[in-house]
Amino acid sequence: MWISSRLFVICLLLHHDATYSEPFETHLRGPGFVMEPPGRVEFSNSSGGWLDCSASGSPQPTIDWVHADGTAVTEIHGVRRVLRNGTLVLMPFAAAAYHQDIHNTIYRCIASNSVGRIVSRDVQVRAVVAQAYKVDVEVLSASRGCTAILRCVVPTFVKELVRVVSWVHEPAIYIYPSLQGDGKFHLLPTGELLIHNLQETDESQSFRCRSMHRLTRQVVVSSPTRLRINSHRGIISPSVVEHTAHVQVSQDEGAVLLCVAQGCPSPEYSWYTHNGAGPLPVLSGPRVRLLGPILAIEAVTGEDSGVYKCTASNVGGEASAELRLTVATPIQVEISPNVLSVHMGGTAEFRCLVTSNGSPVGMQNILWYKDGRQLPSSGRVEDTLMVSRVSRENRGMYQCVVRRPEGDTFQATAELQLGDAPPVLLYSFIEQTLQPGPAVSLKCSAAGNPTPQISWTLDGFPLPSNGRFMIGQYITVHGDVISHVNISHVMVEDGGEYACIAENRAGRVQHAARLNIYGLPYIRLIPKVTAVSGETLNLKCPVAGYPIEEIHWERGGRELPDDIRQRVQPDGSLTISPVQKNSDSGVYTCWARNKQGHSARRSGEVTVIVPPKLSPFQTNILQLNMGDRASLTCSVVKGDLPLTINWRKDGRPIDPTQHMSVKQVDQYNSILVIENLGSDHTGNYSCVVRNSAAEVENSQALLVNVPPRWIVEPADANVERNRHIMLHCQAQGVPTPSIVWKKATGSKSGEYEEVRERPFTKLLANGSLLLQHVKEDREGFYLCQANNGIGTGIGKVIQLKVNSSPYFSSTSRSVTVKKGDTALLQCAVSGDKPINIVWMRSGKNTLNPSTNYKISVKQEATPDGVSAELQIRTVDATDSGPYFCRASNLYGNDQQLVQLQRRTPI
């Protein structure tokens, strides 16, 4: 027999009584990523890097790595390793050992098991060879009375990897980045240092820039630079020297837009949006802070995206620059359905659902993959993939990959399973008539899902047990099964009707044809036959020899049929329907004769057994509460002994550890008793009764109602103002409890109102409550209730405290007074008490009434925080300038600029 090279690699040669196991496993589950590697990984040659990748599935998936072209990533001693947990390690290396195809390339993680395989997003790996560099300081402007701009100049070849971490005001005063500065010094987030209100005394000061390489963490400090102040007091119109042309942030992050201009007098800044018909001024608000050259937006949303314009102006003119803010909203990708079972020949349809914040997203660049390989565009309609005429080759793992213009990718996976299909015979043998002696081969081929099993019979009985018979069986790569019977030296007694039966859990099909061997009549041994009462008995006469003229049946010396229930078929087989125990048990004889008068006869015994019959359970579903007692009675109303009675729960034998007992009343009755019902007793219970005729079962579902209990019990929580917090509340029970959150309208023991979904308030499916950008109004008592109708339910009251660092409603204000008058500088700060207020002059000199007779300070508590006042008596020219009201508490600090200006007499 020739076997194609495309066949399954295992060929089984078995004796006729051998079997093979069912290849289809219902518990298989395709791979899914638990930890997918990030889209970009950078590291220095001195540290090395690693890429983590893990997946789950059944069987447990294996992790492999491939290059962008699909070739396997191999280990290179001392350079690259793949750990047993799937992590790809790129080891530290010398500069001379840099290889672009290793250290600056694209890798992909592959997770695969017997169901299929999935591929991760592209991982762009970039190794940076550490190089020595130095930084210098450039002074852009330094006119007396104006603002100096100091820039840290980083070499181009490392600029994208180096950031300014601080400036040093010699000898040892460190200035760190901030949004507002301290009045005199302001280190911008982009690294420029602003020095306001330059005076001659500043000329003796020197400054150094401190930079850090973000991969090597190496800190490089510039040489000291001393200011050279231009005594020119003329007007210099503004010019923008630095601005962030394009800022890209993710939703809910903070965005900082920067626009630095030089000019004298120091420019005033205005900000506008250009997202509508015309420019609109940007106004301060709960999320928006205008800090001169900085526009800071907290918790950005998609609506904040667009073009902004900053304008810097003084008496000499104005300058402007445009900035673009792009907010990347997170998208979620899902394939519907994520598991699809389709019969062979059917049509499968997957839809790629792309949403952002729960709303559908418009057309995206969608790619489909099957088992890690990109599919052609055929069969796709926008976001839908259709697979027609499904075959075995189509089952496996499918991925929908969405690539955004920014380059980041998102993906989801789904599994296509092949549904059950009853066997179909693809090839079968024909009737043959031969002389004794030659070899004979009978072949059957079948397809189906699961892959069918093929068995063989001769005249309804197992094949003869001798060395001349051999069964061969193998499975093709397409899952078809091919089986054949080889008879090495055919003899007269081998003649008869051969049948191949293909069977799987979806059905069975059979084919039968005769093999005629010339010779005298011969009847093989008739094995003892067991018939089942009430069913049909078809008894074949195992006659060989050819040609045969007639076949007859006898019982007790009488030729059959002698009863209306009996019939001799044209092929000589005897049919009795329905079988009756008392009438049909006994010895039957068949005899056959040819035309020449030669005959043969053989007798066999038929035993009739009555199958078990059970009394049905009273209800299909028994519903009880936890702690109740339950009993199930199994009664056999009919059936021959011996009987075996067994109990099963969810298809498995009863586990003694589950506190259940079985009482065998007699041979026909059994009781399953559960003294104290628990949640683990919910399930499907079956009484299985078997005798030699049949196995029958009765089933009843038991549902144990369980009152709610905490999985995660709510607990008191604290959160800082403007942060997010998750209040956890998870309960389980039967039925599944519903979770409701409520908030107290007053005291803990007062009324509560239900918390509903709204912006920045998310009710999660697992019962948790997510509060975003928390403000003081969220503080209070929260009640989480879990109820499922069983018992009274459970609830827990927790207290949420909002820890508020001090904050001002506005960043600055101005006070103008005449010479000799008393100036009142006021600030109102909100936040958690106690709040400490300190007044400062020019951001560094603390004002103390005990050492300065001209001033007095006072403060008083307000419902939201503290109100403070600085009083300066007999104001003169030296008192003009910036004052800062600095507030601090346990959770942070903030300050407000109060500019004191002296009114010039007209």
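Reader: Are C259 and C310 buried or exposed?

Author: The model is a predicted one. In it, C259 is buried, and C310 is buried as well.

Reader: What joins C259 to C310?

Author: A disulfide is a covalent bond between the sulfur atoms of two cysteines. Here a disulfide joins C259 to C310, with an S to S distance of 1.8 Å. The pair links distant parts of the chain, 51 residues apart: C259 lies in strand β23 (residues 255-264) and C310 in strand β28 (residues 306-314). The angle about the S-S bond is 45 degrees, and the link of C259 and C310 is right-handed.

Reader: How many disulfides does the structure hold?

Author: The structure holds 10 disulfides. Among them is the one between C152 and C209, at 1.9 Å from S to S. C152 belongs to strand β13 (residues 148-153) and C209 to strand β18 (residues 206-213), distant parts of the chain that are 57 residues apart. Both cysteines, C152 and C209, are buried.

Reader: Why is the disulfide of C152 and C209 left-handed?

Author: The torsion about its S-S bond is about -85 degrees, so the disulfide of C152 and C209 is left-handed.

Reader: Where do C541 and C590 lie?

Author: C541 sits in the loop between β50 (537-539) and β51 (543-546), whereas C590 is in strand β56 (residues 586-593), 49 residues apart. Their disulfide has an S to S distance of 2.1 Å, and with 60 degrees about the S-S bond the link of C541 and C590 is right-handed.

Reader: Why does C590 count as buried?

Author: Buried means under 20% relative accessible area. C590 counts as buried because its relative accessibility is 0%. C541, with a relative accessible area of 6%, is buried too.

Technical notes. Residues numbered from 1 in each chain as written. Predicted model: local features only at pLDDT ≥ 70, side-chain atom pairs only at ≥ 80, totals over all residues. Heavy atoms only, no water. Disulfide = S-S within 2.5 Å. Helix = DSSP H or I, 4+ residues; strand = E, 2+ residues; numbered from the N terminus. Buried < 20%, exposed > 50% of the residue type's maximum accessible area, 1.4 Å probe, protein only.
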